[in-house]
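The sequence and the model come first.

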Amino acid sequence: MKDTIIYCLEKDKKPFYIGRTKDINTRFYNHKKTYGSDIQYFELYRCTEKQEYWERHYIELFKSWGFELKIKLYRLKNMKNQMLHTKK
């Protein structure tokens, strides 16, 4: 099973996006088309399970540090639904 990479995008040394992927090179290439070629990424964590948990963990961690992150609404709704099911 291929690892899922939890990663952070930054621009001007400021984190602005946290995501997950199994293919970081393709995903980063697509992000550059969206956000410009002056962005960078760094890996936060590699996992083979609980990918949603770790992505959510790092999003909340970076938010607690005061960073404003871009999160797609469908992704945020999905994460909230998963949090509700996890708490039961």
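## Buried face of α1

The buried residues of α1 are Ile24, Phe28, His31 and Tyr35, where buried means under 20% relative accessible area, exposed over 50% and partly exposed in between, computed with a 1.4 Å probe on protein chains only. Viewed down the axis of α1, these buried residues fall within an arc of 60°, so they line one face of the helix; the arc is taken from the directions from the helix axis to the C-beta atoms. An α-helix has 3.6 residues a turn, so residues three or four places apart point the same way. On the other side of α1, Asn25, Tyr29 and Lys33 are exposed.

The cover over the buried residues of α1 includes β1 (4-11), β2 (14-21) and β3 (39-47), with contact meaning heavy atoms within 4.5 Å. Helices (H or I, at least four residues) and strands (E, at least two) are DSSP runs numbered from the N terminus.

## Basis of the model

This is a predicted model, in which local features need pLDDT of at least 70 and side-chain atom pairs count only at pLDDT 80 or more, while totals for chains, interfaces and linings use all residues. Residues are numbered from 1 along each chain as its sequence is written, and side-chain values use heavy atoms, with hydrogens and water left out.

## Length and end of α1

Helix α1 spans residues 24-35, which is 12 residues. From its first C-alpha to its last α1 reaches 16 Å, close to the 16 Å expected at 1.5 Å a residue; the expected span is 1.5 Å times one less than the number of residues. Gly36 follows α1 and has a positive phi, near 105°.

Most residues other than glycine have a negative phi. Asp12, in the loop between β1 and β2, has a positive phi near 55°. At 64% relative accessibility, Asp12 counts as exposed.

Lys50 is not a glycine either, and its phi is positive at about 55°. Lys50 lies in the loop between β3 and α2 (51-64) and counts as exposed at 54% relative accessibility.

## Asp38

Asp38 sits in the loop between α1 and β3. Its relative accessible area of 48% makes Asp38 partly exposed.

Asp38 and Glu10 are 28 residues apart in sequence, with their C-alpha atoms 9.0 Å apart. The side chains of Asp38 and Lys11 are joined by a polar contact of 3.4 Å. A polar contact is a pair of N or O atoms within 3.5 Å; within protein, one must be able to donate a hydrogen and the other to accept it, and residues adjacent in sequence count only if both atoms are side-chain atoms.
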